[in-house]
Amino acid sequence: LLNTASRDIILLQEILSYLFESLQTMTVPERPEDEAGGTLYKVLNMANMKRDVLIRVEDLTKLVNGAQHELQNLSAMTDVINTKQLEDVFKNVEANTKYLVDASATNERASASLEVMQMLLAGMFAFDIIDHISGGTMGLSTPWWVERWINEPIVARFPFLWFAINLVWLVIFCFGILRVMRYLADLTTGYLTLRVKVNAKINLEKMDSFLSDKPIDVTDSMEEPGIAIKKVAWHERDRSLWAGGAPPKIEVTYDVQYGFLLSVLFQLDKKKSQLDEDGLMRIFTATLAEHGVLEDYEPPRSKYAKQAKTEEDE
């Protein structure tokens, strides 16, 4: 509304300026000497009419100027309201961020507590292993080898030595558990995710034939009037095709109605592969071209590949 009112006021100011200029350049003719012309001149009263119109133009100019000042006041009030709303949004974002920080700190404390509990359970399991080796909790008699190799030479002769051995076993066992847990955590990191917009014409029959040989994990379709989008995801298995490294997981999105490959998503374990962003896309497009899916398409080089190429040339 403010923009519309501002545009209308500008148009009114231009019209009034044109009227004012026209009135200033307008010249009132002299009174004719003949009787009919004099009578018409007196009836029209052009001088007074010009003065009245000029006064009305000046009044309208004042009214338009007043409307413009009122519009400026409304714009200032709108700026104040927008600023207040923006401050409220910032306060809400700050509060939500604080909640997220608190939740993150709570998760860290819970993670630390969980790790402590895991170590306690690991220690109990380590002591249970020592206890169950000799069948101590199963109501069985003590084996002869326990008496000969543990009780007589260690427990009976050296006080607290067997306890110290148990503690050493506890430390070794817990350290091994920690290493295994960190190894399992490292397996979930180091993945490369690459999303490429292709927007290239494809042969739908060849595309269906190409996908028929893949171990499809997920297929998702969306159909609306004038739109038919299909999304297919699979995990590659041919290591030799992907430079001998870990094969990536690929997800393609293409237009079934018009036959266009819209985008490709790669997920690759970089710890087990030497391929970069450029290598992934080039191998994939070359495979599609070999199967007749793509024609006359040159995959774009990523900025990472350009930097690597420049370093190699240097």
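Student: Which residues have the most contacts inside the largest nonpolar core?
Tutor: In this predicted model, they are Val-252, Leu-261, Phe-266 and Phe-284. The core that contains them has 27 residues.

Student: What does Phe-266 touch?
Tutor: Leaving aside residues up to four places away in sequence, Phe-266 is in contact with Leu-192, Thr-193 and Leu-194, with Trp-242, with Lys-249 and Ile-250, and with Leu-280, Met-281 and Phe-284. Phe-284 is also among the core residues with the most contacts.

Student: Let us step back. How many helices and strands does the protein have?
Tutor: There are eight helices and five strands. Read from the N terminus, their order is α-α-α-α-α-β-α-β-β-β-β-α-α.

Student: What radius of gyration does the protein have, against that of a compact globule of 314 residues?
Tutor: The protein has 43 Å, whereas a compact globule of that length would be near 20 Å. The C-alpha trace spans about 155 × 60 × 50 Å along its principal axes.

Student: What percentage of the residues count as buried?
Tutor: The figure is 23% of the 314 residues. As for contacts with a separation of 6 or more, 57% of them come from residues 24 or more positions apart.

Student: Turning to the helices, at what angle do H4 and H5 cross?
Tutor: The axes of H4 (residues 144-155) and H5 (residues 161-187) cross at roughly 120° and come within 9 Å. H4 is therefore oblique to H5.

Student: Which residues make that contact?
Tutor: H4 contributes Ile-150, Ile-154 and Val-155, and H5 contributes Leu-161, Trp-162 and Ile-165. By class, the contact of H4 with H5 has six nonpolar residues, with no polar and no charged ones.

Student: What lies in the loop between H4 and H5?
Tutor: Phe-160 lies there. Its backbone deserves a remark: Phe-160 has a positive phi of about 65° although it is not a glycine.

Student: Is Phe-160 buried or exposed?
Tutor: Phe-160 counts as exposed, because its relative accessibility is 69% and the cut-off for exposed is over 50%.

Student: What is the phi of Asn-199?
Tutor: Asn-199 has a phi near 50°, again a positive value in a residue other than glycine. Asn-199 is located in strand E1, and at 51% relative accessibility this residue counts as exposed.

Student: Now a strand residue with a charged side chain. Where is Lys-230 found?
Tutor: Lys-230 belongs to strand E3. Its relative accessible area is 26%, so Lys-230 is partly exposed.

Student: Which residues does Lys-230 touch?
Tutor: Beyond residues up to four places away in sequence, Lys-230 touches Thr-219, Asp-220 and Ser-221, as well as Val-252, Thr-253, Tyr-254 and Val-256. For Lys-230 and Val-256, which are 26 residues apart along the chain, the C-alpha atoms are separated by 6.6 Å.

Student: Let us finish with helix H2. What does Tyr-41 touch?
Tutor: Tyr-41, which is in helix H2, touches Val-28, Pro-29, Glu-30, Arg-31 and Pro-32, not counting residues up to four places away in sequence. Tyr-41 and Glu-30 are eleven residues apart in sequence, and their C-alpha atoms are 8.8 Å apart in space. With a relative accessible area of 22%, Tyr-41 is partly exposed.

Student: And is Ala-36 buried or exposed?
Tutor: Ala-36 is exposed, at a relative accessible area of 58%. This residue also lies in H2 (residues 35-44).

Student: What separates the C-alpha atoms of Ala-36 and Leu-280?
Tutor: They are separated by 99 Å, and the two residues are 244 residues apart along the chain. Leu-280 is one of the residues that Phe-266 touches.

How values were computed: Residues are numbered from 1 along each chain as its sequence is written. This is a predicted model: local features need pLDDT of at least 70, side-chain atom pairs count only at pLDDT 80 or more; totals for chains, interfaces and linings use all residues. Side-chain values use heavy atoms; hydrogens and water are left out. Axes are lines fitted to C-alpha atoms, for helices over the stretch in contact, and angles run from 0 to 180 degrees between N-to-C directions. Helices (H or I, at least four residues) and strands (E, at least two) are DSSP runs, numbered from the N terminus. Angles under 35 degrees count as roughly parallel, over 145 as roughly antiparallel, 65 to 115 as roughly perpendicular and the rest as oblique. Contact means heavy atoms within 4.5 Å. Ala, Val, Leu, Ile, Met, Phe, Trp, Tyr, Cys and Pro count as nonpolar, Asp, Glu, Lys and Arg as charged, and the others, Gly among them, as polar. A nonpolar core is a set of buried Ala, Val, Leu, Ile, Met, Phe, Trp, Tyr and Cys residues joined through side-chain atoms within 4.5 Å. Buried means under 20% relative accessible area, exposed over 50%, partly exposed in between (1.4 Å probe, protein chains only). The radius of gyration is taken over C-alpha atoms; the globule rule is 2.2 Å times the number of residues to the power 0.38.
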